[in-house]
Amino acid sequence: MTFPKLSPRNRLLALALLTGCLSGGAAVLLHFLISLIKTAADGVFSFIPGRWQWLVLPGVGMLISLLIVKYLVRDNISHGVTKVLQAISNKQCFIKAHNLWSSMVTSAVTIGLGGSVGAEAPIVYTGAAIGSNLGRRFGLSYRQMTILLGCGAAGALAGIFKAPLAGVLFTMEILLFNISMSSLMPLLLSTVAAATVAYIFTGPEAEFAAAIVPFRISNFPFYCILGGFCGLFSVFFVRCTLWLEDRAAKVAGAYRKWAVCAVALGLLIFLFPPLYGEGYDWVRMLLSGGDPDFSDVTLLSFLTRSPWGIVLFFALVMLLKVFSMTFTNAGGGVGGTFGPTLFVGAIAGFVIARVLNLCGTDVPESNFVLAGMAAMMAGVMQAPLTAIFLIAEMTGGYELFLPLILTAALSFGTTRIFEKYSIYTKRIAQTGELLTHDSDQAVLTLMSLNELVSDKYPRISPDAKLGDVVRVLKSSSAQVYAVVDSAGLFCGQVTLDNIHRLAFRTDKYNTLPVRSFMEEPKAFIYADDKMDTVMDKFDKTGAWRLPVLTENRRYLGYASRSRILTAYREKLRDFSQD
C-alpha cells in the first residue's frame with residue numbers, strides 16, 4: 001500500500017500522526033483494562049477481611065499471563081524497552097504483530113491482579129509494535145522504520161502520562177541514536193496526537209497531583225543529599241535486578257519457577273501492602289502530603305505507630321520493591337521496571353525528607369517525593385532529561401525545575417561512576433549489539449562482518465610445492481593466498497613478498513613445500529567478532545587484510561580494510577541522511 005500523492009517526508013508525517021493516535025488509544029485502553037481487572041478482583045474478594053487475598057491474587061495473575069504467553073503467544077514478550085532497543089539494533093526494526101495486543105493483555109492481567117511491576121514498558125513495546133508494523137505495511141526504509149518505531153514508543157509514553165515532551169525525550173535519550181530536525185517533527189506529531197487522545201478519554205487532570213511547596217534555596221543541600229542517595233540506590237537497583245534475574249533463570253521448569261515466585265511475591269505484598277500492583281495510589285498519597293495509615297492492613301502495622309517506625313517500614317518497601325518486581329517478571333508476569341523506578345524514587349524522597357524532618361529540619365516531603373522520582377529515573381534509566389520533564393509534566397510541578405534538575409543531574413552523575421549502561425541497555429551492551437549516541441560506534445554496530453568477507457583469494461594446499469604457487473600467481477592478481485587443507489582448515493598464508501623472493505629459484509619448484517615458506521597472519525578475525533573488535537584488530541596490526549575463521553579454524557575468506565572502509569562510508573551516509 002502506498003500514498004501516491006504524498007512525498008516520502010509527508011507520508012512519514014502522516015504515518016507518525018496515525019501512530020500517535022493509535023499509541024495513545026492503546027495507552028488509554030491499558031489503563032482501563034488494569035482498572036477494570038483490579039476493580040473486579042476487589043469486588044469478588046471484598047468479603048475476605050484483612051486483605052488475605054493478596055497472598056494469592058498476584059500469583060493467579062502471573063499464572064494467567066504465563067499460560068497466555070506459553071500457549072497462545074509462544075514468544076518472549078518481557079523487558080519491553082530492551083526488546084525495542086534490540087529491534088533497532090538488529091538493523092530491521094521488526095516487531096512481531098502479536099505485540100500489538102499481547103503485551104497489553106498480559107500486563108493488564110499481571111498488574112490488575114497485583115503484580116508488582118509497571119505498565120509503561122509493555123505499552124512502549126505495544127506502541128513500538130504499532131510503528132513497526134505500520135512501517136512494514138507501507139514499505140518504509142530502515143531509517144524511516146526506525147523513526148516510526150520511535151514515534152510509537154514516544155506516543156505510548158506520552159499517552160499513559162499525558163506528557164508529550166517527555167515522550168520525545170525518552171525516545172531521544174534511550175531509543176533513537178541519531179535524531180535530526182527532520183526526525184524530530186514526526187516524534188512531536190506522534191506525542192501530541194497521543195496526549196490529545198489521552199486528554200479526550202481521561203480528562204485534563206495531571207496523572208499525579210502534588211501539594212507543591214515553593215522551592216527554598218535553604219533546602220539546596222538537602223536536595224543534593226537526595227540526588228546522591230538516589231544515584232547510589234540506582235546502582236543497587238540495576239545490579240540487584242539483573243542478579244536476581246540471573247538467579248531466577250537457573251530455576252528449572254516454568255511452573256516450578258512460577259510457584260516459587262508466586263509464594264515469595266504473595267508474602268512480600270501481604271507484609272508490605274505498598275508493593276501491591278504499581279503502587280501509584282501510595283505515591284499519590286505521599287504527593288498529597290498525607291500521612292500513611294496502615295491500621296488493620298498489615299501484620300507489621302505496629303511499626304507505623306512510631307515516627308521512626310514509619311521510616312523503617314518505607315525503607316524496607318524501597319529495598320524489597322526490587323525483589324517483588326523481579327519475582328513478578330520471573331514467575332511469568334509481564335511488566336516493566338519503569339513504574340517500579342518511579343515508585344522507588346517516590347519512596348526514597350519520602351524517606352529522606354522524613355528523616356531530615358525528624359532530625360529537626362523543615363523540608364516539604366511532597367517536593368522531595370517528586371524530586372526522588374526524577375532522581376531514580378535519571379539514575380536507573382540514565383535519562384536525566386526524560387526524568388526532569390516527565391515529572392514536571394505528569395505532576396504539574398514546573399515550579400520545581402531547579403530541584404528536579406539538581407537531583408536528576410546528581411543521581412545520573414553518581415550512577416555513571418559505577419554503571420556505564422542503564423537497566424535497559426546493560427544486557428545488550430554485553431553482547432556488543434547496542435546502538436549508542438556515538439555515531440562511529442553506532443555505524444560499526446549496524447555493519448555486518450558476513451557481508452564483508454571475500455572468498456575470492458586463491459586457496460593453496462599445504463602439500464603444494466613452490467612451482468604450484470608460481471603457476472597460481474600467473475593467473476591471479478591477489479595479494480595473498482590462503483593455505484587451506486582438505487578439511488577446509490586454515491594453515492597459514494602466502495603473500496606476494498614471500499613468492500617474489502623465491503620465484504626465480506626454479507631448482508626449488510618441485511621440491512620446496514609451501515609449509516616451509518607460508519606464514520601466520522598478524523591476527524585472526526573470527527566469524528562472531530563484532531565490527532568494533534574487527535577494526536581494533538586492523539588498527540593494532542596495521543594489516544591491510546586478515547583471514548576470517550570459525551572457532552575451529554575453518555577458513556571462510558578474507559576481510560580487507562579497504563572493503564570495510566567503503567562499507568563504513570556507505571553506512572555512515574545512510575545513517576546520517578535526513
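**Notes on the aromatic contacts**

1. Start with the phenylalanines: Phe 272, Phe 313, Phe 314 and Phe 350 are joined into a cluster by ring pairs (Phe, Tyr or the six-membered ring of Trp, centres within 6.5 Å; planes under 30 degrees apart are stacked, over 60 edge-to-face, the rest tilted). Bear in mind that this is a predicted model, where local features need pLDDT of at least 70 and side-chain atom pairs count only at pLDDT 80 or more, while totals for chains, interfaces and linings use all residues. Numbering runs from 1 along each chain as its sequence is written, and side-chain values use heavy atoms, with hydrogens and water left out.

2. Altogether the structure has 16 aromatic pairs. One of them is Phe 490 with Tyr 555, stacked at 5.9 Å centre to centre with 25 degrees between the planes. This pair ties together distant parts of the chain, 65 residues apart: Phe 490 sits in strand E3 (residues 490-495) and Tyr 555 in strand E6 (residues 555-560). Strands here are DSSP runs (E, at least two residues), numbered from the N terminus.

3. Tyr 555 has another partner: its ring centre is 6.0 Å from that of Tyr 558 and the planes are at 65 degrees, so this pair is edge-to-face. Both Tyr 555 and Tyr 558 are buried (under 20% relative accessible area, 1.4 Å probe, protein chains only). Phe 490 is buried too, at 2%.

4. Two lysines are worth a look. Lys 321 has its charged end over the ring of Phe 343, 4.7 Å from the centre, and Lys 70 does likewise with Tyr 71 at 5.9 Å (NZ of Lys or CZ of Arg within 6 Å of the ring centre and within 35 degrees of the ring normal).

Terms used
Helix = DSSP H or I, 4+ residues; strand = E, 2+ residues; numbered from the N terminus. Buried < 20%, exposed > 50% of the residue type's maximum accessible area, 1.4 Å probe, protein only.
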